[in-house]
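Welcome! Please take a moment with the sequence and the 3D view below, and then we can walk through the fold together.

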Amino acid sequence: MLLVPGFMLDADLWRDVVPALGDYGPATYADLSQDASIAAMARRALLDAPDRFILVGFSMGGYVAREIVRQAPERVSALVLIATSARGDSDVERQRKAAVAGQSAGTAFRGLSRLAILSSLHPDNAGRIDILERIQAAGQRMGGGAFRRQSLVERKDERDALASIGCPSLVIAGEEDRLRSRAEALELHHGLVGSSFEVVAETGHMVPMEAPQRVAAVIRDWLDQLNSGA
C-alpha cells in the first residue's frame with residue numbers, strides 16, 4: 001500500500017489504521033513536505049512506491065493520489081479516497097493563499113492553531129487531546145517551510161476528469177466533516193465510474209485518527225470483495 005497524508009500531516013496519520021490492514025502490506029508512506037505542487041508531490045511519492053500498489057489518499061493527499069494515478073496508472077491496483085474533494089480552490093481559499101504569499105518567507109511558524117484543529121473534528125471528539133497533540137506534533141515536525149509550500153499549492157477542479165480513472169475506487173466520507181462536504185464526497189463517488197461509497201459515523205474530517213479501526217474495516221472489506229470478484 002502507498003498511503004498519502006493531508007495538509008501538514010505525515011505518516012503518523014496512519015499509525016492506527018495500518019496494523020489492521022496487514023494482509024495488504026507492507027505500507028509505504030508519501031512525503032508531501034518537500035514540494036510545492038501536486039504534480040511534484042506525486043512524482044516524489046512514486047519514486048519510493050512499490051511497482052504496483054493499493055493507493056490511499058486523505059484530504060489534500062486525495063489530490064496527490066489522483067495525480068499519481070494519472071502519472072502511473074499501470075502501477076495502481078485500487079484507489080481509496082478519504083475526506084477529500086475534486087473541486088478547485090474556492091474564493092476563500094484563494095484569499096487565504098494570497099495572505100500566506102504576502103507574508104515574509106522568514107515569518108516564524110507557530111504551528112497549527114487549536115481552533116483550526118478542533119474545526120476538523122467531530123463535535124464529540126473535541127475533547128480528544130490525544131488527536132489534537134498528534135496533529136500539532138506533525139505540524140511541528142514538518143515546519144514552516146512545508147506549511148508555506150503546502151498552503152500555496154494550487155488545487156485544480158478535476159470533476160470533469162474523474163471518469164478517466166479506471167482502477168477500482170472507494171470514497172470514504174466523515175459523517176460530520178466540516179471541511180469537506182458530503183456533496184464533495186458524492187461528486188467523487190459519482191465521477192469515479194463504478195466506485196463504492198461509505199460514510200464513517202461519528203467522525204469529522206480527521207477520519208483516520210478519529211475512527212482508525214472502522215476506516216481499516218471499511219477498506220479491508222472493500223478490498224476483500226474486490227479480490228473475491230464480488
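Contact here means heavy atoms within 4.5 Å. This is a predicted model, in which local features need pLDDT of at least 70 and side-chain atom pairs count only at pLDDT 80 or more, while totals for chains, interfaces and linings use all residues. Residues are numbered from 1 along each chain as its sequence is written, and side-chain values use heavy atoms, leaving out hydrogens and water. Helices (H or I, at least four residues) and strands (E, at least two) are DSSP runs numbered from the N terminus.

**The sheet**

Let us begin with the strands, where two strands pair if DSSP finds at least two bridges between them. Six strands form the sheet: this open sheet of 6 strands has the order E2-E1-E3-E4-E5-E6, with parallel pairing. Its edge strands are E2 (28-29) and E6 (196-200), each of which pairs on one side only.

| Strand pair | Bridges | Residues opposite each other |
|---|---|---|
| E1 and E3 | 3 bridges | Leucine 3 and valine 56 |
| E3 and E4 | 6 bridges | Valine 56 and valine 80 |
| E4 and E5 | 4 bridges | Valine 80 and leucine 170 |

How many residues of E3 are buried? The answer is 6 of its 6 residues, where buried means under 20% relative accessible area, exposed over 50% and partly exposed in between (1.4 Å probe, protein chains only). In a regular strand the side chains alternate between the two faces of the sheet. In E3, Phe53, Leu55 and Gly57 lie on one side, Ile54, Val56 and Phe58 lie on the other, and both faces are covered.

Now to the helices. H1 (residues 38-48) and H2 (residues 60-71) pack at an angle of about 70 degrees, with their axes 8 Å apart. That makes H1 roughly perpendicular to H2, a label for angles of 65 to 115 degrees; under 35 counts as roughly parallel, over 145 as roughly antiparallel, and the rest as oblique. Axes are lines fitted to C-alpha atoms, for helices over the stretch in contact, and angles run from 0 to 180 degrees between N-to-C directions.

On the H1 side, the residues that meet H2 include Ile38, Met41 and Leu46; among their partners in H2 are Met60, Tyr63 and Ile68. The buried residues of H1 are Ile38, Ala40, Met41, Ala42, Ala45 and Leu46. They pack against E1, E3, H2 and helix H5 (129-151). H2, for its part, lies across E1 (2-4), E3 (53-58) and E4, running at about 145 degrees to E3.

**Details in the loops**

The loop between E1 and E2 holds methionine 8, which has a positive phi of about 55 degrees although it is not a glycine. Methionine 8 counts as buried, at 0% relative accessibility.

Serine 59 sits in the loop between E3 and H2. Its phi is near 55 degrees, a positive value in a residue other than glycine, and serine 59 is buried, with a relative accessible area of 13%.

Leaving aside neighbours within four places in sequence, aspartate 89 is in contact with Arg94, Lys97, Val153, Glu154 and Arg155.
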